Amino acid sequence: MDPSSDYHFLNQILWRRVKLTLVCGIFEGVLQHVDPNKIVVLKKVKNVETGRSVPGVKMFFGHEILNEEEEVTYTVIDQFQQKFGAAMLHIKKQSVLSVAAEGANVCRHGKLCWLQVATNSRVYLFDIFLLGSRAFNNGLQMVLEDKRILKVIHDCRWLSDCLSHQYGILLNNVFDTQVADVLQFSMETGGFLPNCISSLQESLIRHLKVAPKYLSFLEERQKLIQENPEVWFTRPLSPSLLKILALEATYLLPLRLVLLDEMMSDLTTLVDGYLTTYREGSADRLGGTEPTCMELPEELLQLKDFQKQRRERAAKEYRVNTRGLLIRTVLHPKKSVTETVGKVGVSLLCKNSMLDETPSFTSHQDVNLLKEESKNKQTPTEPQHLPPMKEETSEDCINKLICSESEIPRQEFQTNLSLKEEIEQLMMVENKEDLKCTKQDVSVSLSLPQETGVSPSDTFHPLRKTVLPTLPPCPALEKTDSWINLSPNLS
């Protein structure tokens, strides 16, 4: 059990049923308590292997827990008798609920198969493929259009289009977690916008701090859709797919609460300042009368400082594309380095930012200069105009380079020289080496085998030593996350 990621995950699903896989068995129960020190407490515990129930509560320690999995209780509504009416009565009493949908190309041109509705205590899976439009006529339309019931959805555009054009339903009063994610990013960076939106999986990882291993159901869903786009038409639907439907809607409710807290953090900070302004200040400024001045107080002027600091930090932490949007890193579970090293830009960045991104910068005034530098770097000599070079030439040049590099440390160890003399000697060595390899730079770059990879760090040298020329730098490779280890043996 990983205490960092598992604690955040379990803390979000308190009072729900979970299944714990231990070294000595498998147990199910209602999650009652989670401790940062790897202690999990369940009540209404049941031994899955023996089927026996354990009275009271049972404590489990992290060292004996191999895996945790949320057990979702859901109700499939595929007929109008009994279940449908009871579900509608429960849903209409709610003030907030989450909604998700599945089908084939869910929009005006596609087909809606499932509509998932989750409350704080129950999850309903409406089989629209079997129920048809009668499901909306018998209560669902009223719920979806009700301005008093808040619907939490991730990317409501597709479902809104489908409901409007196929069923005449105008989706109303929606909290879209994808929109909230962009708004929260803008607040966090002092007004900047991201270059792309976040998927549900990325939002759960970024805001709910859910470890990717707990979101494997979203990857499984995507894989099934790619293999069979009409998988949601299958009847009866397998329990594993029904669980995927239930989990999609279940996570939206806690995600909304976390996003609200993040977006309201500035308000909370400013109000806390308001609370202590007079209470902990001097009594002389009060004067015994209510203040009449309506100028903006110092406590609220902090908001301007917050935004300035965030913009400066964002300019250092993010790269910016030509549209002025900050380039976000994708939070999908990473593939192996051997699969992604040739496609680092695709795996790290959104697809729509690959064509127009520029190198990182720390000041808005340096954008034009950096653009010119990147253009100069991306103008290599055309290989078809160069004569073919023999292998002997490349080997000779490499040998010369090795010899020339070994000469510089020899100069550096002459400690009896003055600083000025050392600098002059270094400059002389540098100029001689530049003249030697001026005519050989292009030939070496062509004769090198393609299997020899060059990491970005290899192209930077403090004294401009003679180095092997590389291909034009790719902006997507100039900044990689710490979890990627580029190996020179990888192509």
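This is a predicted model: local features need pLDDT of at least 70, side-chain atom pairs count only at pLDDT 80 or more; totals for chains, interfaces and linings use all residues.
Q: Where is valine 30 found?
A: Valine 30 belongs to strand E2, which covers residues 26-35.

Q: Is valine 30 buried or exposed?
A: Valine 30 counts as buried, because its relative accessibility is 12% and buried means under 20%.

Q: How far is valine 30 from valine 18 in space?
A: The C-alpha atoms of valine 30 and valine 18 are 6.3 Å apart, while the two residues are twelve residues apart in sequence.

Q: Moving on, which strand holds asparagine 47?
A: Asparagine 47 is in strand E3, which runs over residues 39-47. With a relative accessibility of 15%, asparagine 47 counts as buried.

Q: What does asparagine 47 touch?
A: Leaving aside residues up to four places away in sequence, asparagine 47 touches Ile26, Phe27 and Arg52.

Q: A change of topic: where does aspartate 266 lie?
A: Aspartate 266 is part of helix H11, residues 265-277. Its relative accessible area is 11%, so aspartate 266 is buried.

Q: Which residues does aspartate 266 touch?
A: Not counting residues up to four places away in sequence, aspartate 266 touches Met187, Leu303, Phe306 and Arg310.

Q: What joins the side chains of aspartate 266 and arginine 310?
A: A polar contact of 2.6 Å joins these two side chains.

Note on methods: Residues are numbered from 1 along each chain as its sequence is written. Side-chain values use heavy atoms; hydrogens and water are left out. Helices (H or I, at least four residues) and strands (E, at least two) are DSSP runs, numbered from the N terminus. Buried means under 20% relative accessible area, exposed over 50%, partly exposed in between (1.4 Å probe, protein chains only). A polar contact is a pair of N or O atoms within 3.5 Å; within protein, one must be able to donate a hydrogen and the other to accept it, and residues adjacent in sequence count only if both atoms are side-chain atoms. Contact means heavy atoms within 4.5 Å.
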